[in-house]
Each structure stands twice: as structure tokens, then as C-alpha cells.
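Here is a short briefing for a reader meeting this structure for the first time. Look over the sequence and the model, then work through the points below.

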Amino acid sequence: MKLIVAIVQDTDAPGLTKALLERGLQSTKLASTGGFLREGNTTLLIGLEDDRVEEALELIREKCRTRTRLVTRGLPLSEAPDPFLAQPVEVQVGGAVVFVLPVEAFFRV
């Protein structure tokens, strides 16, 4: 067995959990925060048999695409040491960070 720990953007999580469920793959959803923008993320724990790992990874790739977004830094223009620091910056968001871990034992109580 394997445990997939997938950290995805909150906006991608509903589509991914639905797609997983449609394929008979259950997940546990945890709220998390982090990354460059300090925005909410969803961490999914997906326990599955070894032969279904690639299927789950393909769903993650399909549902959690990266995209660009304009972000302004928190400094007002009048307080910025350099006017260019207050300009919007294009950053990549979305995608997923995925860990695949071996499972030594699994119990349902």
C-alpha cells in the first residue's frame, strides 16, 4: 500500500476530490496554509494499493494545473523604498506538491 499526501490549492480541491471519488479512491481532507502567498491550501491523504498510484497521480495532474496570477505586495506605493516594489508581480499558483509514501500497516477501527 501507499499513502499519497497531495497539497493542492483550495480552488482545485473540490474537482480533485470529486474525480478521486468517481474512481473509487477515498481521501481525507485537511485544511492547511503555506507557500509563497500564505493562502489556504488543502492537504489530501489518499491511501491506495500500489497498482493505483499512477491513476491517482494522473488525476492530480489533470485537476491541479498551474496558472499565473497578478499579486501586489503589501506596501503602499507611498511607503515603498522603490516604486517598482509596489507594482503587481506575476506569480504561478496552483499545481500540487505530492508525496508518495510506503504504508507499513493499515487499520480501520
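**Briefing: salt bridges, core and surface**

Arg23 is partly exposed, because its relative accessible area of 41% lies between the 20% limit for buried and the 50% limit for exposed. The model shown is predicted. The chain has 109 residues, and 28% of them are buried. Its secondary structure comes to 2 helices and 6 strands.

**Overall layout**

- Starting from the N terminus, the elements follow the order β-α-β-β-α-β-β-β.
- Contacts with a separation of 6 or more are counted in the chain, and 71% of these join residues 24 or more positions apart.

**Salt bridges**

- Side chains of opposite charge can pair when their charged atoms come close.
- The whole structure holds 5 salt bridges.
- Arg23 and Glu55 form a salt bridge through their side chains, at 3.3 Å from N to O. Arg23 sits in the loop between α1 and β2 (28-34), and Glu55 sits in helix α2, so this pair ties together parts that are 32 residues apart in sequence.
- Glu55 is partly exposed, with 24% relative accessibility.
- A network of salt bridges links Arg23, Arg52 and Glu55.
- Glu54 pairs with Arg61 in a salt bridge, and their closest N and O atoms are 3.1 Å apart.
- Glu58 also makes a salt bridge with Arg61, with the closest N and O atoms 3.4 Å apart. Glu58 and Arg61 are 3 residues apart in helix α2, so about one helical turn separates them.
- Glu54 is partly exposed at 46% relative accessibility. Arg61 is partly exposed at 43%. Glu58 is partly exposed at 42%.

- Which residues of helix α2 (residues 53-63) are buried? They are Val53, Ala56, Leu57, Leu59 and Ile60. Seen down the axis of α2, these buried residues fall within an arc of 155 degrees, so they line one face of the helix.
- In soluble globular proteins, nonpolar side chains tend to be buried together.
- The largest nonpolar core here has 17 residues. Ile4, Leu16, Leu20, Leu48 and Ile60 touch the most other members.
- At least two residues of this core come from each of β1, α1, β3 (39-48) and α2. Helix α2 gives the most, with 5 residues.
- Leaving aside residues up to four places away in sequence, Ile4 touches a set of residues including Leu44, Leu48, Val53, Ala56, Leu57 and Ile60. Val98, Phe99 and Val100 are also among the contacts of Ile4.

**A buried aspartate**

- Asp12 is found in the loop between β1 (2-9) and α1 (13-22).
- Is Asp12 buried or exposed? Asp12 is buried, with a relative accessible area of 8%.
- Residues up to four places away in sequence are again left out. Asp12 then touches Lys63, Cys64, Arg65, Arg67, Gly94 and Gly95.

**A nonpolar surface patch**

- Val97, Phe99 and Leu101 make up a nonpolar patch on the surface. Together they have about 250 Å² of accessible area.
- Leu101 belongs to strand β6 (residues 96-102).
- Leu101 is partly exposed, with a relative accessible area of 37%.

Technical notes:
Residues numbered from 1 in each chain as written. Predicted model: local features only at pLDDT ≥ 70, side-chain atom pairs only at ≥ 80, totals over all residues. Heavy atoms only, no water. Patch = residues over 30% accessible without salt bridge, like charges linked within 9 Å, V, L, I, M, F, W, Y side chains within 5 Å. Areas by Shrake-Rupley, 256 points an atom, 1.4 Å probe, with all protein chains shown as cover. Salt bridge = Lys/Arg side-chain N within 4 Å of Asp/Glu carboxyl O. Helix = DSSP H or I, 4+ residues; strand = E, 2+ residues; numbered from the N terminus. Buried < 20%, exposed > 50% of the residue type's maximum accessible area, 1.4 Å probe, protein only. Arc of directions from axis to C-beta. Contact = heavy atoms within 4.5 Å. Core = buried A, V, L, I, M, F, W, Y, C linked by side-chain atoms within 4.5 Å.
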